[in-house]
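Hi there,

I am passing on the structure I mentioned, with some notes below. Have a look when you get a moment.

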Amino acid sequence: YQRRVHGTQQGPQVSKQQFDDIMKYIEHGKSEGCKLAAGGGTGPKEGYYIQPTVFVDVDTKAKIWREEIFGPVQCIRKFTNVEEVIEEESKNNYGLAAAVWTKDLGTINYMINNLEAGTIWVNCYNFFDNAACFGGFKESGIGREMGEYALKNYTEVKQITMNAARNVGRKKKNRSKKVKKDKKGSSEKKELQAKPTSDKKQKKDQKEQSEQKKSEEKPAKKKKTE
């Protein structure tokens, strides 16, 4: 909630240069035939005060309509439908903020989706909050202030590209030589493959070895009895 106090929303310009620039825009409006409805002059002698100025029935080709003034100058123009508003707005090189005043929800959705502005106020104006980002489209600026999006200004993006087809992370086969001892205690070097054998294959090999050993022992016993 922002409390509005009368007499505090309009102050002096920040510098003489800004004061002079705004007064030049006001003179441009007068020279281009724009109708001055209010203001147009300066304020108290002390300070860079400018009267709140309003132009009506402004031509879309006028300088004060096409450029950002950043001063207490308002340009007003009538329109027949919202499509005309969107068309005129799209021709503008700037898009800092916009405001929509309507009770129709369909008009609200149409306008906020088509207006090229970084900030859009609906049935309010000039409302700011630390959680709401602020910034413009087109030539009205790059990036955002405040809100979560403002944190991106303090971060950097790092792109990582990896070729997963190069067997990354797979262990190499171990083909080291192991020593196997027989019953007599003598050692015999044997080269073993690192690929583990399954339990079924081990049992099958053990069975074949035992059958082969039995078949070798049987003839020896028969010869001894003879």
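In which sense, left-handed or right-handed, does helix 3 pass helix 4? The crossing of these two helices is right-handed (left-handed if the near helix is turned anticlockwise from the far one by less than a right angle, right-handed if clockwise).

Before going on: this is a predicted model, where local features need pLDDT of at least 70, side-chain atom pairs count only at pLDDT 80 or more, and totals for chains, interfaces and linings use all residues. Residues are numbered from 1 along each chain as its sequence is written, and side-chain values use heavy atoms, with hydrogens and water left out.

The helix pair

The axes of helix 3 (residues 82-90) and helix 4 (residues 105-114) come within 11 Å and cross at roughly 10 degrees. That makes helix 3 roughly parallel to helix 4 (angles under 35 degrees). On the helix 3 side, V82, E83, V85, I86 and E89 meet T107, Y110, M111 and N114 of helix 4 (contact means heavy atoms within 4.5 Å). By class, this contact has 5 nonpolar, 2 polar and 2 charged residues.

Two loop residues

Most residues other than glycine have a negative phi. D57, in the loop between strand 2 (53-56) and helix 2 (63-66), has a positive phi near 55 degrees. D57 counts as exposed, at 51% relative accessibility (buried is under 20%, exposed over 50%, partly exposed in between, with a 1.4 Å probe and protein chains only). N126 also has a positive phi, near 60 degrees, and sits in the loop between strand 6 (119-122) and strand 7 (137-138). At 32% relative accessibility, N126 counts as partly exposed.

Best wishes

How values were computed
Axes are lines fitted to C-alpha atoms, for helices over the stretch in contact, and angles run from 0 to 180 degrees between N-to-C directions. Helices (H or I, at least four residues) and strands (E, at least two) are DSSP runs, numbered from the N terminus. Angles under 35 degrees count as roughly parallel, over 145 as roughly antiparallel, 65 to 115 as roughly perpendicular and the rest as oblique. Ala, Val, Leu, Ile, Met, Phe, Trp, Tyr, Cys and Pro count as nonpolar, Asp, Glu, Lys and Arg as charged, and the others, Gly among them, as polar.
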